[in-house]
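The sequence and structure come first, and the notes follow by topic.

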Amino acid sequence: MERSKQKQMNESENEADSAINGHFDGRVKIPGWSAGGAAGTPSTAPSSSVMESWREERTRSLEDNELSLPSIAAAYTTILRGLKKHTHRHSPKKTPWRAATAMQFFTKGYQEKIIDVLNDAIFDEDHDEMVIVKDIDMFSMCEHHLVPIFGRVHIGYLPNKRVLGLSKLARIVEIYSRRLQVQERLTKQIAVAITEALQPAGVGVVVEATHMCMVMRGVQKMNSKTVTSTMLGVFREDPKTRDEFLTLIRS
């Protein structure tokens, strides 16, 4: 009994140590998948706790939008009054409703699922060279200050007999960016979704973004940019593959 309890405690500690921004950075053995694509050869990949996130159900529906719009608009009315803006004037009369509708659009990623986006866009293809889509425009909202984050996303993966329709990479970015986000989480969610969908030999994601919470307020550094990356599979394990990816997205 004591030995069993100690084992559970050790497992819990290991999971806690590997948690980063709500995700697990641990690497687990997955039978039948390897960096080289050889069947039956176990290799490392993101843990299932991370990869299951791409299958998550919608957390908001169109009906939810309609039902919540009045309360969101009322909240904006309270904010405007708190800021001493006279909401009875003609010009800003509809501002609370416009702001509420805009916020629902800014966070429309909560209404979509990755599995719906991928749909029938995964193809069997005997291609094992790197695929890169770079300079994907990204707009998001800082979950700490509710101000914009915007920038570019670069995605690369090494196929393992399956490829994804190129536009779907941009759609994955759109779904995860149109939420209240932190850049570190956004970068990892994109990489994990592609890994789970395709089980490629590896995935690399780099995000370059400007945070208005650093530009409009706080330190007010106009030219600052934040760069985050997530490397999985051979992109993490093989320096040559990683360097090739980083060189190509900078070219």
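In helix H4, the buried residues are Pro 96, Ala 100, Met 103 and Gln 104; buried means under 20% relative accessible area, exposed over 50%, and partly exposed in between (1.4 Å probe, protein chains only). The model is predicted: local features need pLDDT of at least 70, side-chain atom pairs count only at pLDDT 80 or more, and totals for chains, interfaces and linings use all residues. Residues are numbered from 1 along each chain as its sequence is written, and side-chain values use heavy atoms, with hydrogens and water left out.

**Helix H4**
- Pro 96, Ala 100, Met 103 and Gln 104 are buried in H4, and they cover an arc of only 100° around the axis, which puts them on the same side of H4.
- The arc is that of the directions from the helix axis to the C-beta atoms.
- Cover for the buried residues of H4 includes helix H3 (62-82) and strand E6 (131-142).

**Gln 181**
- Gln 181 lies in strand E9 (residues 180-181) and is buried, at a relative accessible area of 2%.
- Its side chain makes a polar contact of 3.3 Å with that of Arg 185; a polar contact is a pair of N or O atoms within 3.5 Å, and within protein one must be able to donate a hydrogen and the other to accept it, while residues adjacent in sequence count only if both atoms are side-chain atoms.
- Leaving aside neighbours within four places in sequence, the residues in contact with Gln 181 include Ser 140, Ile 149 and Tyr 176; contact means heavy atoms within 4.5 Å.

**Positive phi**
- Lys 161, not a glycine, has a positive phi of about 75°, and Gln 220, also not a glycine, has one of about 55°.
- Lys 161 sits in the loop between strands E7 (148-158) and E8 (162-164).

Technical notes:
Helices (H or I, at least four residues) and strands (E, at least two) are DSSP runs, numbered from the N terminus.
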